[in-house]
Amino acid sequence: MMDLAQGVLAHDTRACARVLRIVDDRLPGYAEVLKTLFPSTGRAFVVGVTGNPGAGKSTLTDRLIQEYRARDAKIGVIAVDPSSPYSGGAILGDRIRMQRHATDPKVFIRSVATRGHLGGLSRSARDMVRVLDAWGADVILVETVGVGQDELEVTRTAHTTLVVMAPGMGDDVQALKAGIMESADVFAVNKADRDGADSTVRDVELMIALGKDTMIKMGKAKGHVVHSETAGLGGAPDANEEIWTPPIFRCVATRGEGVKELVLGLDRHRAWLAGTEAGRARRTERLAEEVREALREALIDAAAHDLRDEMRAAVRDVAEKRVDPYTASEQLVARFRGR
Ligand SMILES: Nc1nc2c(ncn2[C@@H]2O[C@H](COP(=O)(O)OP(=O)(O)OP(=O)(O)O)[C@@H](O)[C@H]2O)c(=O)[nH]1
Ligand SMILES: [Mg+2]
């Protein structure tokens, strides 16, 4: 197992493929591998590509790969849950659309369909991003359909979230979950060769303006929600220039139009993340989220292990109305603390 981890660190592609499988399936030893890889991660720029089913995410991802390859970057791609009911099992479609890169040794494409997995989709995606990062990817693209809570969380594993819209798909803006809209850093209005692209751009502009207004009123611009754990690390911004306003790019992914500009937009957001207080605060907040998530999981595992009998008894007591679930959980926490 550790040989495999060393293989990934030596940028070996076959080792990377095997480790990804081990991590995705949570096979024994996966956590040790991730621990070994962690110190060699943090270099890659992670872009989440999300949006409505059929908006052109995969076609655009294929073009992004091409553009980044022209810069000689090494690319990792994770297509999350492409067999979701929303996309109608487009796993084959995704493969075909990125097929021409499949033989490029500097491109690694992996599809994951881990719905229902312990720890959830976002954790799987995050772990896989780490593996690709350790393998030496400069850019990692994570494609996910922008529908549903799990997908929303996946976008939070990326540095930059690219939301892909397309005209003629009904009320795009309304159809997308509000949360996905809020997490958008860059917009691509794809299928700009079709009628209605202008009105989609206007819709997005309006929404950005409204969103920005609300954020200013609430005193928390994007990325400025400062939790107590990170308060001292990032710091709240005091100037509005620190607010990132998502740019909108028109693209025709099928012809590669607008993709160069789009990549420059992604570059700018990357620079904003690294170069502003607000950007750095957001990165720190994302890491804090990850630690909280891991802690929650570890605590529940530990408690479930140590307090197995007590938990069973608590369930029985609640069922028989001897105690309410709130008191029961407080008592379990007290017990766990006492150990
Ligand atoms: N006219 C036009 N069609 C496009 C464009 N980009 C993509 N398409 C087409 O739109 C369809 C869906 O493209 P995909 O890239 O599979 O979209 P997706 O968002 O990845 O779809 P799911 O993963 O299933 O949600 C395909 O038939 C593409 O050829 C574009 O810029 N213009
Ligand atoms: Mg797709």
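Helices (H or I, at least four residues) and strands (E, at least two) are DSSP runs, numbered from the N terminus. Threonine 13 is in one of them, helix α2.

**Before selecting anything**

This is a predicted model, in which local features need pLDDT of at least 70 and side-chain atom pairs count only at pLDDT 80 or more, while totals for chains, interfaces and linings use all residues. Residues are numbered from 1 along each chain as its sequence is written, and chains are lettered from A and ligands numbered from 1 in the order in which they are written.

**Whole chain**

Of its 339 residues, 40% are buried (20 or more other C-beta atoms within 10 Å of the residue's own; 12 or fewer is exposed, in between is partly exposed; C-beta atoms are placed from the backbone). Next consider contacts (C-beta atoms, placed from the backbone, within 7 Å). Among contacts with a separation of 6 or more, 76% join residues 24 or more positions apart.

Now colour by pLDDT, the predictor's confidence in each residue, from 0 to 100. The chain averages 83, and 81% of the residues score at least 70. Strand β7 (residues 248-250) has the highest confidence, at a mean of 97, and helix α8 (residues 172-175) has the lowest, at 56. Residues 84-90 have a pLDDT below 50, and beyond near neighbours in sequence this stretch has nine contacts in the model. Residues 222-239 are also below 50, with 37 contacts beyond near neighbours in sequence. Where pLDDT is low, the predicted coordinates should not be read in detail.

**Stop 1: threonine 13**

Select threonine 13 in α2. Threonine 13 counts as partly exposed because it has 15 C-beta neighbours inside 10 Å. Leaving aside neighbours within four places in sequence, its contacts are Pro105 and Phe108. Lysine 106 is 93 residues away along the chain, with a C-alpha separation of 8.8 Å from threonine 13.

**Stop 2: arginine 26**

Move on to the loop between α2 (13-24) and α3 (30-37), where arginine 26 is found. Its phi is near 55°, a positive value in a residue other than glycine. Arginine 26 has 16 C-beta neighbours inside 10 Å, so it counts as partly exposed.

**Stop 3: α4 against α11**

Two packed helices are described by the angle between their axes and the distance between the axes. Here axes are lines fitted to C-alpha atoms, for helices over the stretch in contact, and angles run from 0 to 180 degrees between N-to-C directions. Select helix α4 (residues 57-70) and α11: their axes come within 10 Å and cross at roughly 75°. That makes α4 roughly perpendicular to α11 (65 to 115 degrees; under 35 counts as roughly parallel, over 145 as roughly antiparallel and the rest as oblique). Show side chains for Arg63, Leu64 and Glu67 in α4, which meet Val259, Lys260 and Val263 in α11. By class, this contact has three nonpolar, no polar and three charged residues (Ala, Val, Leu, Ile, Met, Phe, Trp, Tyr, Cys and Pro are nonpolar, Asp, Glu, Lys and Arg charged, and the others, Gly among them, polar).

**Stop 4: α11 against α12**

Trp272, Leu273, Ala274 and Gly275 in α11 meet Gly279, Arg282 and Arg283 in α12. The residues of this contact divide into three nonpolar, two polar and two charged.

Helix α12 (residues 277-306) has 30 residues and should span 44 Å at 1.5 Å a residue; its end C-alpha atoms are 42 Å apart, which agrees. The expected span is 1.5 Å times one less than the number of residues. The buried residues of α12 are Ala278, Gly279, Ala281, Arg282, Thr284 and Glu285, and their cover includes α11 (259-275).

**Stop 5: α13 and lysine 321**

Select helix α13 (residues 308-319), which reaches 17 Å from its first C-alpha to its last, close to the 16 Å expected. The helix is hardly covered: of its 12 residues, the count of buried ones is one. Lysine 321 follows α13 and lies in the loop between α13 and α14 (325-337). Its phi is positive, near 60°. With 7 C-beta neighbours inside 10 Å, lysine 321 counts as exposed.

**Stop 6: proline 246**

Finish in the loop between α10 (197-218) and β7, at proline 246. Proline 246 counts as buried because it has 21 C-beta neighbours inside 10 Å. Not counting residues up to four places away in sequence, proline 246 touches Ala184, Asp185, Val186, Phe187 and Ile208.

Notes:
Two residues are in contact if their C-beta atoms, placed from the backbone, lie within 7 Å.
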